[in-house]
Amino acid sequence: MSAEHEPATASLRVGGQDEELSKRLDRELTEFNKRATGAGEPAEFSVRATDGRGDVAGGLTGWFWGTLCAVDMLWVREDQRHAGWGTKLMREAEAEARRRGCADMIVSSFTFQAPDFYRRLGYRETGRTDGIPGGHQDVHLHKALGPARP
C-alpha cells in the first residue's frame with residue numbers, strides 16, 4: 001500500500017479473541033465469496049448424539065456452501081467410542097448434505113486423531129500439512145457424494 005493511501009494513524013494490533021473483527025471478516029469474506037462463486041451464503045449445521053440418559057454422547061458441526069459440505073468438528077465421548085457413534089454422526093451429516101443438494105464433503109483430521117476412520121467411510125486423502133506440534137500432520141480428506149440436486 002502506498003503512503004498516500006495509508007492514514008497517518010494506521011496501525012496493527014495483535015490480541016486475543018476480537019469478536020467485532022471476526023464478525024467483520026466473516027461478513028466481508030462471505031460477500032466476496034458470494035460474488036466470486038454465486039454459491040450464496042454458507043449455513044452452519046450440527047448433529048447431536050445423546051445416550052439413553054439424555055447426555056451428549058458426541059456431536060458433529062460443519063457448514064454447507066453451495067454444493068459443498070464441510071465437517072469442522074466431530075467428537076465422541078470417551079466411554080462411547082467404538083460404539084458406532086462416529087459413523088452414525090457422519091452418515092447423518094452426509095444424508096443432510098445430500099438433502100441440501102451437496103455433491104462433495106470435506107474434512108481434515110490430525111494423524112493422531114482419526115484419518116483412517118474417514119478412509120473407512122469412503123473419504124480419500126487429498127493432501128497433508130506438516131508441522132503440527134509433536135511431529136504430526138493435518139490430513140485433508142474428500143468424498144464425492146454424487147451429483148448435486150437442483
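1. H1 spans residues 19–37, 19 residues in total. From first C-alpha to last, H1 reaches 26 Å, close to the 27 Å expected at 1.5 Å a residue. That expected span is 1.5 Å times one less than the number of residues. Helices (H or I, at least four residues) and strands (E, at least two) are DSSP runs, numbered from the N terminus.

2. On the basis of the model: it is predicted, local features need pLDDT of at least 70, side-chain atom pairs count only at pLDDT 80 or more, and totals for chains, interfaces and linings use all residues. Residues are numbered from 1 along each chain as its sequence is written, and side-chain values use heavy atoms, leaving out hydrogens and water.

3. Strands E1 (residues 43–50) and E2 (residues 56–65) pair antiparallel over eight bridges. Pairing requires at least two DSSP bridges between two strands. Phe-45 stands opposite Gly-62 in E2. Five residues separate E1 and E2 in their hairpin. In that turn, Gly-54 has a positive phi of about 90°.

4. E2 also runs antiparallel to E3 (residues 68–76), joined by eight bridges. Gly-59 has Trp-75 in E3 as its bridge partner. This hairpin has two residues between the strands, and Gly-66 takes a positive phi near 60°.

5. Look next at Lys-143, in strand E6 (residues 136–144). Lys-143 counts as buried because its relative accessibility is 11%; the cut-offs are under 20% for buried, over 50% for exposed and partly exposed in between, with a 1.4 Å probe and protein chains only. Its side chain makes a polar contact with the side chain of Glu-94 (3.3 Å). Such a contact is a pair of N or O atoms within 3.5 Å; within protein, one must be able to donate a hydrogen and the other to accept it, and residues adjacent in sequence count only if both atoms are side-chain atoms. A polar atom of the Lys-143 side chain also lies 2.7 Å from the backbone oxygen of Leu-121.
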